[in-house]
Amino acid sequence: MEKKLCLIYNFAPLYRLGVFKLIDEKFDCDWYFGRNGSDIKTLDLSLLKRAKEVPVINLPFSCYWQKGIVDLLFRKEYRTYFLLGELKSISTWAFIIFARLFFPHKHVYFWSHGWYGRETRAKKILKKIFFRLADGTFLYGNYARNLMIENGFRGDNLFVIHNSLDYDRQFELRKMIVPTGLYKKHFGNNRPNIIFIGRLTFSKKLDLLLEVLKLLKEKGKVFNLTLVGDGEACRNLHDLAVEKGICEHVWFYGACYDEQTNAELIFNADLCVSPGNVGLTAMHSMMFGTPVITHGCFKYQGPEFESIHPGVTGDFFEMGNAGSLAACISAWFDRHESERDKVREACYEEIDTSWNPYFQIDVIKKHLIVE
């Protein structure tokens, strides 16, 4: 009987479509997704050859159980399982423990954030048990891998897979894009343009960015800011812009789901600033050539911070420090005023080399044993 890959995920996020399609192409894969309970867009499961949704039972403390997952261990056509390695998935705990006790000949791999660096003692103990039960773990970044090695894990079964967005679609847009005057038309000036693109949540600390714009304005350095997105913090940010007297310098663009428009907005900006954790915003921004500034306290960052090379594809400031962020933004423009094209190419290279589905599938093919 032909052996298949069994891939189990908490739900099917649209932004993973690129790598999911490559897995579907390169492996004989059956997919099992939980039902999406978040506001993250879900992909159409018909885009994958054999994908189905399984019921999810929500449990206390944000834990959950995916029904029918443990039963998949009894399926003879599966010898390799690839699961999202989430500590709060009780069904994943049951699956991996049952696999080790009764199906030692089967291979189980995790796809996970792994270590953050802010774990409590109790969580460290749980994670050491959890990840050691797997045959290998595919991690989003080297930061997590190094932390896990420091905590006693073997490095030879920790594989850095990074992250990606809809690379093929975005790459085609990137080839066609040209500079436009959309910011000059909106703001009526030629000042440098800062952008943030993503959900406007309180965790993104965008209030700090508005405070910094005011600080810089008081020093005679005025920047345009465009916020592309919507969310829980939107009204507060509007009110804060009024309070700080910087309304004329802030464009609340709103949510935009047209990727061609997003590409134009990012490409024509000079700098992306994400004062809170950066996450996929870094991927989106660098894909269209715009560098990223975010805070440098990595244990509170998304793994995508590793795409930022100080002075090349962006920079870091001291977390929560308005003065540090103001200095970082000011220094960036002082040092790179005439280097926009050079910076753009550096951002392209970072994404094209390490943060795309083709990089990810190469890592998976190299380390995932399907027999």
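Me: Where is Ser62 found?
Reply: Bear in mind that this is a predicted model, where local features need pLDDT of at least 70, side-chain atom pairs count only at pLDDT 80 or more, and totals for chains, interfaces and linings use all residues. Residues are numbered from 1 along each chain as its sequence is written, and side-chain values use heavy atoms, with hydrogens and water left out. Strands (DSSP E runs of at least two residues) and helices (H or I runs of at least four) are numbered from the N terminus. Ser62 is in the loop between β4 and β5.

Me: Is Ser62 buried or exposed?
Reply: The scale goes like this: buried means under 20% relative accessible area, exposed means over 50%, and partly exposed is in between, with a 1.4 Å probe and protein chains only. Ser62 has a relative accessible area of 57%, so it counts as exposed.

Me: What is the phi of Phe61, roughly?
Reply: Phe61 sits in the loop between β4 (56-58) and β5 (64-66), and at 79% relative accessibility it counts as exposed. Ser62 has a positive phi of about 65 degrees although it is not a glycine. Phe61 isn't a glycine either, yet its phi is positive, at about 60 degrees.

Me: Which residues make the nonpolar surface patch of about 200 Å²?
Reply: Patches take residues with over 30% relative accessible area and no salt bridge, joining like charges within 9 Å and nonpolar side chains (Val, Leu, Ile, Met, Phe, Trp, Tyr) within 5 Å. The areas come from the Shrake-Rupley method with a 1.4 Å probe, and for residues only the protein chains shown count as cover. One member lies in helix α2 (residues 90-102) and is partly exposed at 31%. The patch is made by Ile57, Leu59 and Ile90.

Me: How far apart are the closest N and O atoms of Asp30 and Arg50?
Reply: A salt bridge puts a side-chain nitrogen of Lys or Arg within 4 Å of a carboxyl oxygen of Asp or Glu, and the structure holds 16 of them. Asp30 and Arg50 form one, with their closest N and O atoms 2.3 Å apart. This pair links distant parts of the chain, 20 residues apart, with Asp30 in strand β2 (residues 29-34) and Arg50 in the loop between β2 and β3 (51-54). Asp30 is buried at 6% and Arg50 is partly exposed at 31%, and the N-O distance asked for is 2.3 Å.

Me: In which helix do Lys214 and Glu218 both lie?
Reply: Lys214 forms a salt bridge with Glu218, with the closest N and O atoms 2.6 Å apart. Lys214 is partly exposed at 27%, whereas Glu218 is exposed at 53%. An α-helix has 3.6 residues a turn, so residues three or four places apart point the same way. These two are four residues apart, about one turn of their helix, which is α7 (residues 206-218).

Me: Which residue forms a salt bridge with Asp334?
Reply: The closest N and O atoms of the pair are 3.5 Å apart. Asp334 lies in helix α11 (residues 322-336) and the partner in the loop between α7 and β11 (224-228), so the bridge ties together parts that are 113 residues apart in sequence. That partner is Lys221.

Me: Which residues of the lining are closest to the centre of the second largest pocket?
Reply: On a 1 Å grid over the protein atoms alone, a cavity is a set of points where a 1.4 Å probe fits but cannot get out, and a pocket is an open set with protein on both sides within 12 Å along at least five of seven lines; lining residues have an atom within 4 Å of a point. The space in the second largest pocket is about 290 Å³. Of its 16 lining residues, the closest to the centre are Thr180, Tyr183, Asn193, Asn268 and Asp270.

Me: How many of the ten residues of α9 are buried?
Reply: α9 (259-268) is among the helices that each supply at least two residues of the lining of the second largest pocket. The buried residues of α9 include Glu259, Ile266 and Phe267. The helix is largely enclosed by the rest of the structure, because the number of its residues that are buried is seven.

Key: Points joined across faces, edges and corners; volume = space filled by probe spheres on them.
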